Amino acid sequence: MVQEAAQYLFALTFVVITFACAIASSDVMNEQFMNIGPAMLNLSRIMLGMYSSDEYQYLELEPKLLMSISVFVICTTIFLFNLLIAQLNCAYMGIFKDMLGYARLNRGSVILENVSRSSKHRWTKFVESLQMDEKLEFNEGDIGLAGGIQVLESASANPVTSDSIKRYGGSTCPTAPWPETANEVDIEDKVDRLEKIIEKAVKRITKASNKSQSGSGASSMASGSSSGSSGGI
């Protein structure tokens with residue numbers, strides 16, 4: 001991460017020098033920004049929050065200078081600082097992957113060192129005790145694959161609503177493609193069905209609202225005609 005911080009400081013120095021040269025070359029009347037050296041010093045103070053409020057009042061007298069300082073603050077405080085955060089985040093992700101890889105290599109070296117100390121007879125006996133050649137059972141009578149260690153647990157420990165094991169019939173040749181089953185539905189088909197259901201529901205709601213509006217209009221007309229006939233009588 002030192003490299004990322006050094007790049008941030010280099011970019012920050014470049015921005016300070018650029019704005020100091022631009023402000024000093026313009027027609028500013030403020031003595032703090034008339035030369036490149038004092039301009040760099042005061043821009044650094046503004047960036048670090050060391051610029052007093054009384055000094056900001058003098059900046060308001062020159063709109064060009066105030067606009068330049070505002071752009072400088074946006075570039076340094078907002079853009080470059082957020083860029084530093086993104087750089088450190090990406091660097092941390094890379095360092096974490098390297099750390100995880102080195103931890104696995106260290107663990108593998110420890111295992112290899114301990115295995116090399118054991119005798120061949122003891123190692124063969126340990127491998128045979130694992131029974132890697134025997135096929136495991138997913139459930140009672142449901143024979144699965146070999147090459148694993150079976151660990152039993154309570155059925156209520158990790159309840160699942162759907163079976164995570166997908167079974168396919170047909171040839172077990174590795175070059176054969178996966179067969180398509182009737183239970184597999186594409187996501188697009190599900191989305192299309194959902195859109196059709198929503199359209200039907202919207203049509204029903206609009207029809208119901210139109211019927212209610214027409215019924216209320218007819219009832220109001222009927223009440224108006226009845227009141228008119230009673231007034232004539």
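**Helix packing in a predicted model**

Let me start with a pair of helices: α2 and α4 are oblique to each other, where angles under 35 degrees count as roughly parallel, over 145 as roughly antiparallel, 65 to 115 as roughly perpendicular and the rest as oblique. This is a predicted model, in which local features need a pLDDT of at least 70 and side-chain atom pairs count only at pLDDT 80 or more, whereas totals for chains, interfaces and linings use all residues. Residues are numbered from 1 along each chain as its sequence is written, and side-chain values use heavy atoms, with hydrogens and water left out.

Staying with that pair, helix α2 covers residues 36-48 and helix α4 covers residues 63-117, and the two pack at an angle of about 55° with their axes 10 Å apart; the axes are lines fitted to C-alpha atoms, for helices over the stretch in contact, and the angles run from 0 to 180 degrees between N-to-C directions. The crossing of α2 and α4 is right-handed, a crossing being right-handed if the near helix is turned clockwise from the far one by less than a right angle, and left-handed if anticlockwise. On the α2 side the contact (heavy atoms within 4.5 Å) is made by Leu43, Ile46 and Met47, and on the α4 side by Ile69, Phe72, Val73 and Thr76. By class, the residues of this contact are six nonpolar, one polar and no charged, with Ala, Val, Leu, Ile, Met, Phe, Trp, Tyr, Cys and Pro counted as nonpolar, Asp, Glu, Lys and Arg as charged, and the others, Gly among them, as polar.

Let me step back to the whole chain. The protein has six helices and two strands, and from the N terminus on its elements run α-α-α-α-α-β-β-α; helices (H or I, at least four residues) and strands (E, at least two) are DSSP runs, numbered from the N terminus. Of the 233 residues in the protein, 13% are buried, and here buried means under 20% relative accessible area, exposed over 50% and partly exposed in between, with a 1.4 Å probe and protein chains only. Among contacts between residues at least 6 apart in sequence, 44% join residues at least 24 apart.

How does helix α1 sit against α2? Helix α1, residues 2-25, has an axis that comes within 8 Å of that of α2, and the two cross at roughly 125°, which makes α1 oblique to α2. This crossing, too, is described as right-handed. In α1 the residues that meet α2 are Leu12, Val16, Ile17, Phe19, Ala20, Cys21, Ile23 and Ala24, and their partners in α2 are Ile36, Ala39, Met40, Leu43, Ser44 and Met47. Sorted by class, this contact has 13 nonpolar, one polar and no charged residues.

Helix α1 also packs with α4, at an angle of about 170° and with the axes 10 Å apart, so α1 is roughly antiparallel to α4. The residues of that contact divide into 18 nonpolar, four polar and one charged.

Now to single residues. Ile23, in helix α1, counts as buried because its relative accessibility is 3%. Leaving aside neighbours within four places in sequence, Ile23 is in contact with Val28, Phe33, Leu43, Leu65, Ser68 and Ile69. Its C-alpha atom is 7.5 Å from that of Ala39, which is 16 residues away in sequence.

Finally, a word on confidence. The protein averages a pLDDT of 79, and 84% of the residues score at least 70, pLDDT being the predictor's confidence in each residue, from 0 to 100. Over residues 225-233 the pLDDT is below 50, and beyond near neighbours in sequence this stretch has zero contacts in the model.
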